[in-house]
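Have the sequence and the 3D view open as you read.

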Amino acid sequence: MLQTNKNEKDEKTIDFTLANSKNLLLIFTRNPELGKGKRRLAATVGDQAALDIYNFLLEHTVKITSGLYTDKIVYYSDEVWERDIWDNKIYGKRLQVGDHLGTRMLNAFQDGFASGYEKIIIIGSDMYDLSQEDLEEAFRILAQNDFVLGPAEDGGYYLLGMKKLKPALFKDKKWGTDTVLRDTLNDLENEKRILLETKNDVDYYEDIKDIPAFAPFLKNR
């Protein structure tokens with residue numbers, strides 16, 4: 001039975017493009033520690049509020065991925081935590097390897113394909129706009145296309161999926177800048193690829209100031 005959220009258990013038929021052991025979701029995350037991560041957000045809201053917001057985003061990411069019909073691996077930035085928000089029965093756990101984001105993502109995709117997975121998607125852990133349905137749709141797209149990309153409003157991307165490895169996607173990019181999406185699309189110019197809806201990730205105070213869910217974290221501003 002395909003569950004659209006934790007409260008719905010209707011009579012939907014399983015979509016076998018999702019209930020497939022050859023699908024893999026990679027989740028890149030930073031270890032949530034005070035004074036580390038979300039530095040651009042912390043510059044405005046402070047270290048504690050930035051950490052609280054990041055933990056809230058982690059909880060959201062667990063919510064939208066834990067029920068997904070796919071294998072899932074969490075890749076930690078600094079060290080693997082065996083006892084944390086990521087349930088060991090649901091998520092595999094590994095350490096990101098590489099000297100920059102591109103290398104770390106490439107290594108994760110390479111490991112996934114080497115393990116026999118056929119469709120692999122990577123996301124971060126700071127996307128409040130992302131839903132389980134978005135992830136399901138991305139895997140469906142890969143049934144008919146080689147690549148799927150979720151553009152971010154800041155010129156990057158919030159999701160990348162593929163069913164064949166293309167190392168060029170992870171090379172010669174200025175990670176964290178507004179040129180990443182453009183350069184990635186140039187690499188995919190001659191490939192079968194689909195773009196998802198453009199969404200906004202959380203990097204700055206302006207990204208969340210008008211969203212009611214974040215109001216409790218901003219009440220002192």
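Predicted model: local features only at pLDDT ≥ 70, side-chain atom pairs only at ≥ 80, totals over all residues.

Residues are numbered from 1 along each chain as its sequence is written, and side-chain values use heavy atoms, with hydrogens and water left out.

The average pLDDT (the predictor's confidence in each residue, from 0 to 100) is 87 for the protein, and 90% of the residues score at least 70. Among the elements (helices are DSSP runs of H or I with at least four residues, strands are runs of E with at least two, numbered from the N terminus), strand β4, residues 119-123, has the highest mean at 98. Helix α1, residues 39-45, has the lowest, at 79.

Over residues 1-14, pLDDT stays under 50. The model has 21 contacts (heavy atoms within 4.5 Å) beyond four places in sequence for that stretch.

Five of the five residues of β4 are buried (under 20% relative accessible area; exposed is over 50%, partly exposed in between, with a 1.4 Å probe and protein chains only), so the strand is largely enclosed by the rest of the structure. Lys-119, Ile-121 and Ile-123 point one way, and Ile-120 and Ile-122 point the other. In a regular strand the side chains alternate between the two faces of the sheet.

As for pairing (DSSP finds at least two bridges between two strands), β4 runs parallel to β1, residues 23-29, over five bridges. Leu-25 has Ile-121 as its bridge partner in β4.

## Salt bridges

The structure holds 10 salt bridges (a side-chain nitrogen of Lys or Arg within 4 Å of a carboxyl oxygen of Asp or Glu). One of them joins Lys-164 and Asp-146, at 4.0 Å from N to O. Lys-164 sits in the loop between β6 and α5 and Asp-146 in the loop between α4 and β5, so the pair ties together parts 18 residues apart in sequence. Lys-164 is partly exposed at 36%, whereas Asp-146 is buried at 18%.

Another salt bridge pairs Arg-182 with Asp-183 at 3.3 Å, N to O. Lys-199 and Glu-197 form one too, with their closest N and O atoms 4.0 Å apart; Lys-199 is buried at 10% relative accessibility, but Glu-197 is exposed at 58%. Shared partners also link Asp-146, Lys-164, Lys-166 and Glu-191 into one salt-bridge network.
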